[in-house]
Amino acid sequence: MAIHSAGTADLAEDLRAALRTLVRTVTVVTAWHNGRRFAMAATAVSEVSLDPPSMLVCVNRSSNLYAAIESGCQLALNVLGSEHEAISRACGGGMRNDDRFTIGDWDHSDADRPPILADARAVVLLDPVSHLDHGSHRIVVGNVRSVLLPARQAPLAYCDGRYVGIADRVATM
Ligand SMILES: Cc1cc2nc3c(=O)[nH]c(=O)nc-3n(C[C@H](O)[C@H](O)[C@H](O)COP(=O)(O)O)c2cc1C
């Protein structure tokens with residue numbers, strides 16, 4: 001087994017392979033900015049604390065969403081369910097910009113908040129409060145403004161470069 005060191009391209013490739021082994025829940029980050037709506041699939045999403053209630057998301061600075069991120073506007077983290085693979089594919093680069101909202105039941109009725117996926121497993125509305133730029137990405141930390149729990153359905157997960165379902169229970173001996 002080859003061991004690669006910091007600063008080599010091989011190390012980044014090894015890390016990519018290691019990251020593919022993680023099972024990650026898929027989220028779509030949405031925002032309004034300058035009269036435009038944005039949606040981007042993201043797995044680099046995490047809780048930060050409950051005091052204050054806060055979460056983070058890592059966004060590539062080359063993404064279209066980054067313009068909204070830079071403005072510090074409110075974000076919605078829409079947690080996808082097993083029925084939402086096509087939405088994830090669209091928002092992960094399969095479709096462009098506004099076309100992404102043609103797939104799925106998006107609620108834009110409230111102009112004061114980002115688009116909300118009507119049947120998401122959960123939606124967390126974030127007010128960004130701080131950030132850290134690291135390499136290609138911006139880590140955005142936001143305080144939670146509100147939480148919606150629209151629908152109960154199985155989660156959509158991403159692992160080994162493909163979408164996978166998660167069994168409801170782990171079998172026990
Ligand atoms: C399952 C999945 C997870 C992703 N996670 C992230 C992420 O956490 N952060 C990120 O910046 N891009 C992530 N991406 C990549 C972006 O969704 C993708 O590059 C998207 O096309 C960027 O939007 P844009 O084309 O409007 O710039 C992910 C893509 C997929 C399919």
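Predicted model: local features only at pLDDT ≥ 70, side-chain atom pairs only at ≥ 80, totals over all residues.
Residues are numbered from 1 along each chain as its sequence is written, and side-chain values use heavy atoms, with hydrogens and water left out. Local features require pLDDT of at least 70 and side-chain atom pairs count only at pLDDT 80 or more, whereas totals for chains, interfaces and linings use all residues.

A salt bridge was assigned where a side-chain nitrogen of Lys or Arg lies within 4 Å of a carboxyl oxygen of Asp or Glu. Helices (H or I, at least four residues) and strands (E, at least two) are DSSP runs numbered from the N terminus. Residues are classed by relative accessible area as buried (under 20%), exposed (over 50%) or partly exposed (in between), with a 1.4 Å probe and protein chains only.

Glu13 and Arg16 form a salt bridge with an N to O distance of 3.5 Å. Both residues belong to helix α1 (residues 9-20), where a spacing of three residues separates them by about one helical turn. Glu13 is partly exposed at 44% relative accessible area, while Arg16 is exposed at 53%.

A second pair joins Glu85 to Arg89, whose closest N and O atoms are 2.7 Å apart. These residues are four positions apart in helix α3 (residues 85-94), again about one helical turn. Glu85 has a relative accessible area of 29% and is therefore partly exposed; Arg89, at 49%, is also classed as partly exposed.

The salt bridge between Asp127 and Arg145 has its closest N and O atoms 3.0 Å apart. This pair links distant parts of the chain, with Asp127 in strand β9 (residues 122-134) and Arg145 in strand β10 (residues 137-148), 18 residues apart. Asp127 is partly exposed at 23% relative accessibility, whereas Arg145 is exposed at 53%.

Patches were built from residues with over 30% relative accessible area and no salt bridge, joining like charges within 9 Å and nonpolar side chains (Val, Leu, Ile, Met, Phe, Trp, Tyr) within 5 Å. Accessible areas come from the Shrake-Rupley method with a 1.4 Å probe, and for residues only the protein chains shown count as cover. Leu15, Leu19 and Leu22 make up a nonpolar surface patch of about 270 Å². Of these residues, Leu22 is located in the loop between α1 and β1 (24-25). Its relative accessible area is 38%, and Leu22 therefore counts as partly exposed.
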